[in-house]
Amino acid sequence: MNILVVEDEVKLANAIKRALEIQTYAVTVAYDGQTGLDLAVSEELDLIILDLMLPKIDGLEICRMIRNQGIHTPVLILTAKGLVSDKINGLDTGADDYMVKPFSFEELFARIRALTRRPRHVINPVLTVEDLLLDPSKFTVSRNEIGISLSSKEFALLEYLMRNKGSILTKTQIIGHIWDYDADVLPNVVEVHIKHLRDKVDKPFEKPLIMTVRGFGYMIGAKE
Ligand code: CA
């Protein structure tokens, strides 16, 4: 079991490394974000333990970049940033778990066990609407074979629309599905995200796929 620890506090990084090695894990340490990112992309890893405040590239950015590259290695964020909004941000960016410092090693080990026993590669078929393709397992979207880069919320919104191809989704349904952590999301947030999505998925192409159904909501693809 190969674990990458990205942590710039040298003492803490080395303490984690020693503790994990006693648990018989193989551990690589990166003391800055750039090295961490390089290793996360190039090495075959079973888990990444990721600090957020790091020199060169911060942890959230690393998480976003590796997920954008279709790397699904489980990520456990280990940080002093303990606000609920920090946790939501971390998990929305693609992390699988979040622990706040100071932490107990026993809990860290338990979480590592939980994260590394999950199936690694869930089979998720590619979704299609005409020439628009979305691959849920690789986090990639393309249209007419041109790659499209989306934010995690835009991706989730498009995936939800495509999974319900030909059906109208109301703003309330969309909010409930995409923003289930937040209690007070306003309907115009959906409009804003739909607009961003259209700018990327529809505008550059001849045929718009995302339809507004006045008074009801949104739909992608022809009605079935
Ligand atoms: Ca740090």
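This is a predicted model: local features need pLDDT of at least 70, side-chain atom pairs count only at pLDDT 80 or more; totals for chains, interfaces and linings use all residues.
Local features need pLDDT of at least 70, side-chain atom pairs count only at pLDDT 80 or more, and totals for chains, interfaces and linings use all residues. Residues are numbered from 1 along each chain as its sequence is written, and side-chain values use heavy atoms, with hydrogens and water left out.

Biologist: How far apart are the C-alpha centres of domain 1 and domain 2?

Modeller: The bounds come from an automatic or database domain assignment. Domain 1 covers 2-117 and domain 2 covers 127-220. Their C-alpha centres are separated by 30 Å.

Biologist: Which three residues supply 61% of the area that domain 1 buries against domain 2?

Modeller: Buried area is the accessible area (1.4 Å probe) that two parts lose on being put together, summed over both. Between these domains it is about 590 Å², and carbon and sulfur atoms give 50% of that. For domain 1, the 61% comes from His72, Ile88 and Asp92.

Biologist: What does Lys153 meet in a salt bridge?

Modeller: A salt bridge needs a side-chain nitrogen of Lys or Arg within 4 Å of a carboxyl oxygen of Asp or Glu. The rule finds one across the interface of domain 1 and domain 2. At 3.2 Å, N to O, the side chain of Lys153 meets that of Asp92.

Biologist: What is the bridge partner of Leu132 in β8?

Modeller: Strands are DSSP runs (E, at least two residues) numbered from the N terminus, and two pair if DSSP finds at least two bridges between them. Four bridges join β7 (132-135) to β8 (140-143), running antiparallel. Leu132 is partnered in β8 by Arg143.
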